[in-house]
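Hi,

Here is the structure I promised to pass on to you. Please have a look at it first, and then read my notes below.

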Amino acid sequence: MSIGLMTLAWKSGLPSGRKMVLLALCDNANDQGECYPSVPMIAEKCSMGERTVQQHITDLETDGIVRRAMRGGRSTVYHINPRR
């Protein structure tokens, strides 16, 4: 868990759904902003449907806050940009 990233996420002016997903990612991230939680796990943490989580992740990616790196046959790696 990256306390620094979580603090920045809490201070962000993001809409509540996006902020919750970002907080779930930060909760799993190391200090470099890298994590690889599954969408079902994020959905459970945030009390959201998987499609809703996927849309919020897409929105965070569009905003430049999160970058996804797909790994064939393995979970997706998320990189959180603390400057955004």
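The buried residues of helix 1 are covered by, among others, helix 2 and strand 3. Those buried residues, in a helix that runs over residues 3-11, are Leu5, Met6 and Ala9. They sit on the same side of helix 1, because they cover an arc of only 100° around its axis. Turn to the other side of helix 1 and you will find Ile3, Trp10 and Lys11, which are exposed. Before you go further, please keep in mind that this is a predicted model.

Next, the way the helices pack. Two packed helices are described by the angle between their axes and the distance between the axes. For helix 1 and helix 2, the angle is about 175° and the axes are 9 Å apart. The two helices, helix 1 and helix 2, are therefore roughly antiparallel to each other. On the helix 1 side, the contact is made by Leu5, Met6, Ala9 and Trp10, and on the helix 2 side by Lys19, Leu22, Leu23, Cys26 and Asp27. Sorted by class, this contact of helix 1 with helix 2 has seven nonpolar residues, two charged ones and no polar ones.

Helix 2 also packs against helix 4. Here the axes come within 9 Å and cross at roughly 90°, which makes helix 2 roughly perpendicular to helix 4. From helix 2, Gly17, Arg18, Val21 and Leu22 meet Val53, His56, Ile57, Asp59 and Leu60 of helix 4. The residues in this contact of helix 2 with helix 4 divide into five nonpolar, two polar and two charged.

Now helix 4 itself. How far apart are its end C-alpha atoms, and what span should its 13 residues have? Helix 4 covers residues 50-62, and at 1.5 Å a residue it should span 18 Å; the end C-alpha atoms are 18 Å apart, so the two agree. Its buried residues are Val53, His56, Ile57 and Leu60. These cover an arc of only 100° around the axis, which puts them on the same side of helix 4. What covers them includes helix 2 (16-28), helix 3 (39-46), strand 2 (66-69) and strand 3 (77-80). On the face turned away from that buried side, helix 4 carries the exposed residues Arg51 and Thr62. After helix 4 comes Gly64, with a positive phi near 80°.

Is Ala69 buried or partly exposed? With a relative accessibility of 23%, Ala69 counts as partly exposed. Apart from its neighbours within four places in sequence, Ala69 is in contact with Thr76, Val77 and His79. Ala69 and Cys26 are 43 residues apart along the chain, and their C-alpha atoms are separated by 16 Å.

Best wishes

Conventions. Residues are numbered from 1 along each chain as its sequence is written. This is a predicted model: local features need pLDDT of at least 70, side-chain atom pairs count only at pLDDT 80 or more; totals for chains, interfaces and linings use all residues. Side-chain values use heavy atoms; hydrogens and water are left out. Helices (H or I, at least four residues) and strands (E, at least two) are DSSP runs, numbered from the N terminus. The expected span of a helix is 1.5 Å times one less than its number of residues. Buried means under 20% relative accessible area, exposed over 50%, partly exposed in between (1.4 Å probe, protein chains only). The arc is that of the directions from the helix axis to the C-beta atoms. Contact means heavy atoms within 4.5 Å. Axes are lines fitted to C-alpha atoms, for helices over the stretch in contact, and angles run from 0 to 180 degrees between N-to-C directions. Angles under 35 degrees count as roughly parallel, over 145 as roughly antiparallel, 65 to 115 as roughly perpendicular and the rest as oblique. Ala, Val, Leu, Ile, Met, Phe, Trp, Tyr, Cys and Pro count as nonpolar, Asp, Glu, Lys and Arg as charged, and the others, Gly among them, as polar.
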